[in-house]
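Take a walk through this protein chain.

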Amino acid sequence: MEAFSFSCWAYGSVWFFFICLGLQRFSNSAIVLTPALLVYCMLIVLLEWLCHVYLPTALGIFLLSGACWYVLGVISPRKMLPVSGKAVLITGCDSGFGQAVAYKLDSMGFQVVATVLNIDGPGAKELQQMCSNRLKLIQVDLTKPKDIQKALELTKTQIAGRGLWGLVNNAGICVHFGDAELSLMSNYRGCMEVNFFGTLEITKAFLPLLRCSKGRIVTISSPAGPFNDLSRWEHQHEHHLASLPEELLQDYGEEYVSEIKRLFLKIGDMASEDLAPVVECITDALLAAEPKVRYFTGKGLWLIYFIGNHMPFFVSDRFFRGFFLNNKVIPRALHKQQKEVVEE
């Protein structure tokens, strides 16, 4: 009986604090009662009953407290910093996320310095037309240190000693990878030069300006990269076939190499065309009073990283094999070996 009384008192205390904090947040903000919030509350009630019936009191209180704290975090509005007087440099603004973020931040009142690979390209011209006169475009190739220094000097003149509030490392390339033996070393080197060394060099160059304003660095990462231009992938595939040694191509077969391309483009087709979630995450990372360390965008993306980082290897390995290596064609040499074994 005493154990039951203690359990009721403990669960009641959790509910008391949850309700008090919830009411406080409702009174101090513009939070409204939504269907989603009602569902959260119903799930907490169900969780409390399950914990009370099936779990030891200490474990049940721990789980219920965590759930209540999560819901309070979800319904609480994030405190945002003012935009006024803030300058941001964004790399890779020819298209995609970079272009969308540059437009968004410019419309919010940021002073935006946007780098493009081709200052005369259609993406740069489109961005110039969409944005205000505050936006400054500059051509930068991250593999060229002189371009980075030029961007640094231009940014200094634009911000006039105020410091740089944000550096958004968005520029990156995606090249056609396959089996390690089939992948060209030039692909590996080219990808690292832009995505790693280029990002590192421009970050180091702009750190003094960021320190001046106690600003922020936002770096975009991806398991793959941009899938913008289908004709580019076709051209890269043809170049890839032409670059392979004849003996290696005979061992794998052209049909196997083409299957890798098909799977690669299939993964690209799964990507959402809606850029808004990524743009909103970048904006939050720049302006939130307490930004997150890592942002996951896209439906179910957090689950992929959770499986890769926290599940046992045999689980994650099986999952990623099924997700990325669902080949319908096997290498020609392996097919011959299997055929010989069957005939024996």
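This is a predicted model. Look for disulfides in it, and the count comes to zero. Cys51 is a case in point. Cys51 is in no disulfide, and its nearest cysteine sulfur, that of Cys68, is 9.8 Å away. A disulfide needs two cysteine sulfurs within 2.5 Å. Now turn to Cys68. Its closest cysteine sulfur is in Cys41, and the 8.9 Å between them is too far for a bond. Are these cysteines buried or exposed? Cys51 has a relative accessible area of 1%, so Cys51 is buried. Cys68 is at 4% relative accessibility and therefore counts as buried.

Next, the record. An unreviewed UniProt entry lists residues 6-23, 30-47 and 53-72 under "transmembrane region". How does the model fold two of these stretches? Residues 6-23 are 100% helix and 0% strand. The end C-alpha atoms of that stretch are 26 Å apart. Residues 53-72 are 90% helix and 0% strand. Here the end C-alpha atoms are 24 Å apart.

Now the rings. A pair of aromatic rings is described by the distance of the centres and the angle of the planes. The structure holds five aromatic pairs. One of them joins Trp49 and Tyr54: the centres are 6.1 Å apart and the planes stand at 85°, so this pair is edge-to-face. Trp49 is partly exposed because its relative accessibility is 47%. Tyr54 reaches 59% and so counts as exposed. Tyr252 and Tyr256 form a tilted pair, with 5.7 Å from centre to centre and 35° between the planes. Tyr252 has 12% relative accessibility, so Tyr252 counts as buried. Tyr256, at 6%, also counts as buried.

The charged end of Lys86 sits over the ring of Trp165, 4.9 Å from the ring centre.

Finish at Asn169. This residue is found in strand β4, which covers residues 166-169. Why does Asn169 count as buried? Its relative accessibility is 3%, and the cut-off for buried is under 20%. Which residues does Asn169 touch? Leaving aside residues up to four places away in sequence, the list is Thr91, Thr199, Ile202, Thr203, Ile217, Val218, Thr219 and Ile220. The side chains of Asn169 and Thr203 are joined by a polar contact of 3.0 Å.

How values were computed:
Residues numbered from 1 in each chain as written. Predicted model: local features only at pLDDT ≥ 70, side-chain atom pairs only at ≥ 80, totals over all residues. Heavy atoms only, no water. Helix = DSSP H or I, 4+ residues; strand = E, 2+ residues; numbered from the N terminus. Buried < 20%, exposed > 50% of the residue type's maximum accessible area, 1.4 Å probe, protein only. Polar contact = N/O pair within 3.5 Å; in protein donor to acceptor, adjacent residues only side chain to side chain. Contact = heavy atoms within 4.5 Å. UniProt positions renumbered as here; feature names shortened; annotations may be inferred. Phe/Tyr/Trp six-rings, centres within 6.5 Å; stacked < 30°, edge-to-face > 60°. Lys NZ or Arg CZ within 6 Å of the ring centre and 35° of its normal.
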